[in-house]
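This briefing covers a sheet, the helices packed on it and selected ring contacts.

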Amino acid sequence: MRAIVVAAALAAIAPAARADSFEAKAQGAQHLKRVEDLVWAFAAPCDSGDDTERRECRLVRDARAAAFAHETLVVEGDPSAFEVRPWDAARKSSRLTLAGCIRCTGIDVDGKTWFIVATTGAAHFEGGRAAAGYLYDNALQFADAAQAERWKRSVAHARVELVVRVAPKPRLVVDGRDALALEVLAYRVIVPCDGSVVAANPPSEPVAAEPKQCPAPDAVPGHEPPVDVLTPAMIEDAMHPIYAAARACAVEHKLAGKVKLHVTVGQDGLVAKLEQVGDFSGTAVAACIEKAAKQTHFPRTTQRETSFNYPMTLP
């Protein structure tokens with residue numbers, strides 16, 4: 001009889017435990033593949049074409065907005081919102097953060113850039129990227145910097161999934177830029193290769209592994225076969241994130257001008273030295289360039305170091 005009573009008690013509490021999970025929050029939600037469709041429903045101007053076309057556009061737009069306003073949605077977050085910070089030797093840990101943005105660098109909808117942020121705090125911009133309060137902010141212990149770097153590389157292609165609904169007042173203007181606000185009901189950061197969950201709230205079960213998403217050993221950052229020299233195409237590819245960060249920062253701070261970077265890349269593909277000459281000395285733009293350069297990886301080479309000049313006109 002005691003066993004029956006205990007089993008009944010466990011059965012009674014089991015549904016409540018299962019309800020507090022990412023899977024439960026996502027149950028019955030609409031999986032939205034294109035967040036552009038969501039932004040369009042709340043932001044489309046419907047001002048092109050003749051009067052009939054504009055009227056039809058508004059009818060479709062308003063109907064979609066009304067439907068989305070009552071839906072729970074599952075959307076893919078911006079992968080760059082999840083960040084593994086450099087290993088802290090004093091604390092023997094790396095800080096892991098998930099920024100409160102769903103599209104941090106903006107998306108184009110009908111020729112206009114929109115940002116999508118979470119309602120986790122006052123929306124703002126950091127280095128040209130939209131942000132709000134952190135969804136996740138924690139630290140993970142590592143024995144040394146090498147172990148931390150290996151783990152960081154293993155989650156380099158992590159994917160962010162969020163269960164959201166449209167905020168009561170979804171349209172925002174943040175620092176003169178248009179944004180859409182979503183309430184995050186649940187989130188998880190998963191590694192597609194093995195299906196592991198790096199961070200989640202509420203807790204999430206592992207997902208099905210996707211072996212095809214596993215990088216080949218040579219494709220893991222830092223493990224590619226070294227090249228003899230950095231070609232112009234390799235340099236341009238690696239410098240693109242630096243230019244994008246610099247341009248976004250210049251727009252944010254309403255600055256314009258020219259800068260010439262003298263970049264020295266080490267044999268390991270990391271920026272060993274960066275010199276800036278031009279109009280942005282001592283400004284936030286220079287700081288943005290410096291930060292982006294520290295996060296940039298070039299292909300490894302057989303050369304001890306490679307130096308080049310890279311001019312930019314901003315914004």
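Valine 259 has glycine 278, in β14, as its bridge partner. That pairing belongs to a predicted model, in which local features need pLDDT of at least 70 and side-chain atom pairs count only at pLDDT 80 or more, while totals for chains, interfaces and linings use all residues. Residues are numbered from 1 along each chain as its sequence is written, and side-chain values use heavy atoms, with hydrogens and water left out.

**Sheet**
- Strand β13 (residues 257-266) pairs with β14 in the antiparallel sense over seven bridges; strands are DSSP runs (E, at least two residues), numbered from the N terminus, and pairing requires at least two DSSP bridges.
- The open sheet has three strands in the order β14-β13-β15, with antiparallel pairing.
- Its edge strands, β14 (271-278) and β15 (305-314), each pair on one side only.
- Neighbouring strands are turned by 20° against each other on average, direction ignored.

**Helices across the sheet**
- Helix α6 (residues 232-252) lies across β13 and β15, at about 35° to β15; helices are DSSP runs (H or I, at least four residues), contact means heavy atoms within 4.5 Å, and angles run from 0 to 180 degrees between N-to-C directions of axes fitted to C-alpha atoms, for helices over the stretch in contact.
- Helix α7 (residues 284-294) lies across β13, β14 and β15, running at about 160° to β14.

**Ring contact**
- Arginine 177 lies over the face of phenylalanine 125, at 3.8 Å from the ring centre; the criterion is CZ of Arg or NZ of Lys within 6 Å of the ring centre and within 35 degrees of the ring normal.
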